[in-house]
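I would like to walk you through one structure slowly, so please keep the picture in view while I talk.

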Amino acid sequence: MTGRTVAPRLNHPRLLERIAKLAEIGAIEGGGVCRLALTEADKAGRDLVVGWMRELGLQISIDAIGNIVGLRPSRTTGAAARAPVMTGSHIDTVRTGGRYDGNLGVLAGLEVMESLNEAGVETEHPLAVAVFTNEEGARFAPDMMGSLVYVGGLPLEDALATEGIDGTRVDAELRKIGYDGAAPVGAPAVRAFVELHVEQGPVLEREGVTLGAVESLQGISWTEFSVSGVSNHAGTTPMRLRHDAGYLAGATITFVRDLTRELGGDQVGTVGAIEFGPNLVNVIPNRARFTVDLRNTDEDILQEAERRLRGFVAKTAEQEGLTIEQRQLARFEPVLFDAALVARIEEIAGRLGHSVRRLPSGAGHDAQMLARICPAAMIFVPSVGGISHNVREFTDASDIAAGADVLLHILLELAS
Ligand code: HGY
Ligand code: MN
Ligand code: MN
């Protein structure tokens with residue numbers, strides 16, 4: 001670090017103001033946000049963040065899947081400039097999202113840049129803030145799509161050809177919002193990646209701990225089942241003659257819950273999306289489409305859960321005389337973050353006077369993709385009531401400040 005005039009200090013109120021400002025875009029009842037990937041609301045959010053990046057003098061690049069990277073150059077310029085130390089996250093949300101999930105990581109990164117500008121700090125390595133496209137995967141699966149393409153884990157053309165739950169395509173929607181960028185994807189040079197994110201779970205709050213040094217991230221398996229049966233009269237059709245697609249969907253919901261009880265430990269399972277056809281009170285459904293989200297920190301147990309699920313669906317379909325199509329929407333193995341980075345986060349948090357503990361992430365994050373190409377780790381701040389993917393998502397200002405301060409210190413350390 002050279003040319004420093006004063007020790008950089010974050011302007012926490014400014015960070016909170018930006019969180020509130022961004023949350024106005026796609027705002028929904030109850031203080032939450034609906035900014036599904038590649039919608040007009042996502043575009044408006046992107047435009048606001050790009051505007052802030054411009055005000056901070058960052059060099060902005062947008063790649064072919066719409067990832068936005070704001071680069072703060074280092075002392076060494078041109079070809080000698082080294083791979084950036086990167087932070088960031090996502091600003092797309094689920095339909096009933098909170099204002100912190102993803103947004104905090106992007107805006108804390110901007111706050112770090114602005115504070116370094118104000119302090120006149122020049123770093124050895126460039127710093128970068130990334131806004132990754134479609135982290136949620138709620139409209140276009142898989143989740144973490146943008147960062148997965150960014151690291152070369154998903155061919156760009158496959159991502160662009162992805163069809164959403166509303167029948168639209170990624171490439172068309174990306175063009176519509178004007179974020180089909182020119183920058184290439186697939187082999188970026190990144191020195192290290194640290195993401196600040198809300199925990200979205202109950203652990204930190206339950207234990208009264210301010211910060212999480214995230215050691216790992218559990219495996220994720222998303223499957224979509226499309227079931228075909230025979231629609232028939234709800235009143236005249238004897239039970240033994242039915243081919244009820246809705247029955248299989250319902251039976252699978254209870255099977256998944258029983259499976260998590262049986263496997264125990266970290267196993268979680270969710271049937272989050274379901275629809276029947278023709279979806280009428282007096283017609284036996286001949287069509288059902290539903291999704292199953294299975295997660296576990298242990299890859300072998302997750303595979304066992306997948307096997308059990310597929311076996312149950314196949315057996316039940318045969319008994320009921322149904323046909324099944326299934327599509328893997330997402331499949332990521334558990335990820336270990338960089339041990340040295342995790343230890344640095346833990347040490348810095350302690351040195352700044354904050355309580356801190358190590359923990360795994362239950363949610364997927366862009367950091368798990370960056371971990372494929374560079375040392376990566378995450379800082380968690382508590383979620384009040386462990387609530388997330390819910391308009392009531394909330395994190396106390398003091399916890400946000402603590403997390404952002406640790407982010408400032410770890411980024412500075414890595415960029416020196
Ligand atoms: O599904 C997840 O874990 C993340 O929120 N995309
Ligand atoms: Mn997130
Ligand atoms: Mn999320």
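This is a predicted model: local features need pLDDT of at least 70, side-chain atom pairs count only at pLDDT 80 or more; totals for chains, interfaces and linings use all residues.

Let me begin with the helices. Helix H2, which covers residues 40–55, packs with helix H3, residues 103–119, at an angle of about 15 degrees, and their axes are 10 Å apart. Angles under 35 degrees count as roughly parallel, and therefore H2 is described as roughly parallel to H3. The two helices cross in a left-handed sense. If you look for the residues that make this contact, you will find Val49, Trp52 and Met53 on H2, facing Val106, Leu107 and Leu110 on H3. By class, the residues of this contact are six nonpolar, with no polar and no charged ones.

Now to the second pair, further along the chain. Helix H10, residues 339–351, packs with helix H12, residues 397–415, at about 130 degrees, with the axes 9 Å apart, and this angle makes H10 oblique to H12. Their crossing is right-handed. From H10 the contact uses Leu341, Arg344, Ile345, Ile348, Ala349 and Arg351, while H12 brings Val406, His409, Ile410, Glu413 and Leu414. What classes do the residues of the contact of H10 with H12 divide into? They comprise seven nonpolar, one polar and three charged residues.

Strand E3, residues 59–62, and strand E4, residues 68–72, each contribute at least two residues to the lining. Sorted by class, the lining holds 13 nonpolar residues, four polar ones and one charged one.

Finally, some details of the backbone. The peptide bond from Ala141 to Pro142 is cis, with omega near 5 degrees, and Pro142 sits in the loop that runs between strand E6 (127–131) and helix H4 (145–150). Another cis peptide bond joins Gly277 to Pro278, with omega about 5 degrees, and Pro278 belongs to the loop between strand E11 (274–277) and strand E12 (287–296). Asn279 also lies in the loop between E11 and E12, and its phi is near 60 degrees, a positive value in a residue that is not glycine.

Methods
Residues are numbered from 1 along each chain as its sequence is written. Chains are lettered from A and ligands numbered from 1 in the order in which they are written. Side-chain values use heavy atoms; hydrogens and water are left out. Helices (H or I, at least four residues) and strands (E, at least two) are DSSP runs, numbered from the N terminus. Ala, Val, Leu, Ile, Met, Phe, Trp, Tyr, Cys and Pro count as nonpolar, Asp, Glu, Lys and Arg as charged, and the others, Gly among them, as polar. Axes are lines fitted to C-alpha atoms, for helices over the stretch in contact, and angles run from 0 to 180 degrees between N-to-C directions. Angles under 35 degrees count as roughly parallel, over 145 as roughly antiparallel, 65 to 115 as roughly perpendicular and the rest as oblique. A crossing is left-handed if the near helix is turned anticlockwise from the far one by less than a right angle, and right-handed if clockwise. Contact means heavy atoms within 4.5 Å.
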